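Student: I would like to learn how to read a model of this kind. Where do we begin?

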Amino acid sequence: MAHHMSPSDHDPNSDASKARLYNPYQDLQVPMRNLYQLPTSPEFLFVEEARRQRRSWGENLTFYTGCSYLAGAIGGGATGLVSGVRSFEAGDTTKLRINRVLNSSGHTGRVWGNRLGVIGLIYAGMESGIQAVRDTDDVLNSVAAGLTTGAVYRAARGVRSAAVAGAVGGVLVGVAVTGKQALKRYVPI
């Protein structure tokens, strides 16, 4: 048995219905356009977070790991492409050549991406840890993080290998930080 509704159930202007429809905006004395203007700057819960001009440790972790994995995957893919082209043989069909290139690029890109991603992960953790211990943000944090990252990454191969990798990591980060500061100073962006 269906319920038949009278026209007065839907029409707020009819005499049979003395109730009015609910309008959630009726008591607001604010123009509608002001309701939906969202702030463009980030909102922070604590004042200390707003004053800080640096990414958080989680943002650093994501940024460094992602960027280094991407760089490793692209570099490894390019190296795999060259190695796949070099492995062509005289009697290979086009499908076989494409397959060799794709397999070589994919394998080398994955390996390099994973290695550099782990290095980025260690670096982000080290930099955030050193910054928390020293309670300051300067170039020394980055260089020390590069040095310890290289040493930790190669620690399983022995003390000498860890020392060399640590020195290389510290120098690379020092060059990168110096280049970034020079770029900021001399190139108007």
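**Reading the chain**

Tutor: Of the 189 residues in the protein chain, 20% are buried; buried means under 20% relative accessible area, exposed over 50%, and partly exposed in between (1.4 Å probe, protein chains only). This is a predicted model, in which local features need pLDDT of at least 70 and side-chain atom pairs count only at pLDDT 80 or more, while totals for chains, interfaces and linings use all residues. Residues are numbered from 1 along each chain as its sequence is written, and side-chain values use heavy atoms, with hydrogens and water left out.

Student: How many helices and strands does the secondary structure of the protein chain come to?

Tutor: Helices (H or I, at least four residues) and strands (E, at least two) are DSSP runs, numbered from the N terminus. Here there are six helices and zero strands.

Student: What span should helix 6 have, and what do its end C-alpha atoms show?

Tutor: The expected span of a helix is 1.5 Å times one less than its number of residues. Helix 6 has 28 residues and should span 40 Å; its end C-alpha atoms are 40 Å apart, which agrees.

Student: Which residues of helix 6 are buried?

Tutor: An α-helix has 3.6 residues a turn, so residues three or four places apart point the same way. In helix 6 the buried residues are Ala-162, Ala-165, Gly-166, Gly-169, Gly-170, Val-173, Gly-174 and Val-177. They pack against helix 4 and helix 5, where contact means heavy atoms within 4.5 Å.

Student: Which residues make up the largest nonpolar core?

Tutor: A nonpolar core is a set of buried Ala, Val, Leu, Ile, Met, Phe, Trp, Tyr and Cys residues joined through side-chain atoms within 4.5 Å. The largest has five residues: Tyr-123, Ile-130, Ala-145, Val-173 and Val-177. Helix 4 (94-134) and helix 6 are the elements that give two or more residues to this core. Beyond its neighbours within four places in sequence, Tyr-123 has contacts that include Ala-145 and Val-173.

Student: Is Asn-141 buried or exposed?

Tutor: Asn-141, in helix 5 (residues 139-153), counts as buried because its relative accessibility is 1%. Leaving aside neighbours within four places in sequence, Asn-141 is in contact with Ile-130, Gln-131, Arg-134 and Thr-136.

Student: And where is Val-187 placed?

Tutor: Val-187 is in the segment after helix 6 (159-186). With a relative accessible area of 36%, Val-187 is partly exposed.
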